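Q: I would like to learn how to read a protein model. Can we go through it one feature at a time?

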Amino acid sequence: MNLEEIKYRMQNQKLYYCEDERLIEEQLKCLDKVHDYNNLKPSQQKEKQELLKNMFAEIGDKCYIETPFYASWGGKNVHIGNHFYSNYNLMLVDDGKITIGDNVMIAPNVIICSATHPISPKLRKKGAQYNLPVKVGNGVWIGANCVVMPGVTIGDNSIIGAGSVVTKDIPANVVAFGNPCRVHRAITEDDEIYYNKNYKIDIE
């Protein structure tokens, strides 16, 4: 495969081999940016913001990613909206496209993965892989130690409970958790009155 065909296959859910030296060099440059971001001081906010804009395919306003942060392509295939926050140890396996909406919060130690491999041992031995796009909707909160698998969509405003493995699409406006992740209840009007069981919301 030539470089153009590999790049096409990477973004179109087709099998490919990462065999072109130019592709490897391109990925290493992306990884250098991740290294640079992780080695900035917490006080270097301006430099961090500039580097995020340079690393990601798209990233909105008021976005912050705590370090350490990892991405297999440095965010090159990641589109992030406005008001995004990720806590420590976010891992984006962004060989394929990852789309994250506005007002998304991610807790520590979360993996969002777009890349996977075929079941065939013969193909895996040769290093074959393919990518499935992942979409995280607006207003989503992903709890600590979650894994979001390739091809998954999480609907707007939904909450993914800590320790979940999200293997299938999750609809909008629900609380879901578990391994595999399942919907446990809808987000309702009561959630605008109570923030925790019988504790009423007392701030605007």
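Q: Where is the place of Asn-103?
A: Helices (H or I, at least four residues) and strands (E, at least two) are DSSP runs, numbered from the N terminus. Asn-103 sits in the loop between strand 8 (98-100) and strand 9 (105-106). The model is predicted: local features need pLDDT of at least 70, side-chain atom pairs count only at pLDDT 80 or more, and totals for chains, interfaces and linings use all residues. Residues are numbered from 1 along each chain as its sequence is written, and side-chain values use heavy atoms, with hydrogens and water left out.

Q: What is the phi of Asn-103?
A: Asn-103 is not a glycine, yet its phi is positive, about 55°. Asn-157, also a residue other than glycine, has a positive phi near 70°. Asn-157 belongs to the loop between strand 16 (153-154) and strand 17 (159-160).

Q: Which class of accessibility does Asn-103 fall into?
A: Buried means under 20% relative accessible area, exposed over 50%, and partly exposed in between (1.4 Å probe, protein chains only). With a relative accessible area of 45%, Asn-103 is partly exposed. Asn-157 is partly exposed at 37%.

Q: Is Asn-131 buried or exposed?
A: Asn-131 has 2% relative accessibility, so it counts as buried. Its place is in strand 12 (residues 128-131).

Q: What does the side chain of Asn-131 reach at 2.9 Å?
A: A polar contact is a pair of N or O atoms within 3.5 Å; within protein, one must be able to donate a hydrogen and the other to accept it, and residues adjacent in sequence count only if both atoms are side-chain atoms. The side chain of Asn-131 reaches the backbone oxygen of Met-10 at 2.9 Å. A polar contact of 3.1 Å links the side chains of Asn-131 and Gln-129.

Q: Which residues does Asn-131 touch, not counting residues up to four places away in sequence?
A: Contact means heavy atoms within 4.5 Å. On that count, the residues touched by Asn-131 include Met-10, Tyr-16, Asp-95 and Thr-116.

Q: What is the peptide bond from Thr-67 to Pro-68?
A: The bond from Thr-67 to Pro-68 is cis, with omega near 5°. Pro-68 lies in the loop between strand 3 (64-65) and strand 4 (69-71). Another cis peptide bond joins Asn-179 and Pro-180, with omega about 0°.

Q: How many helices and strands does the protein have?
A: The protein has four helices and 22 strands.
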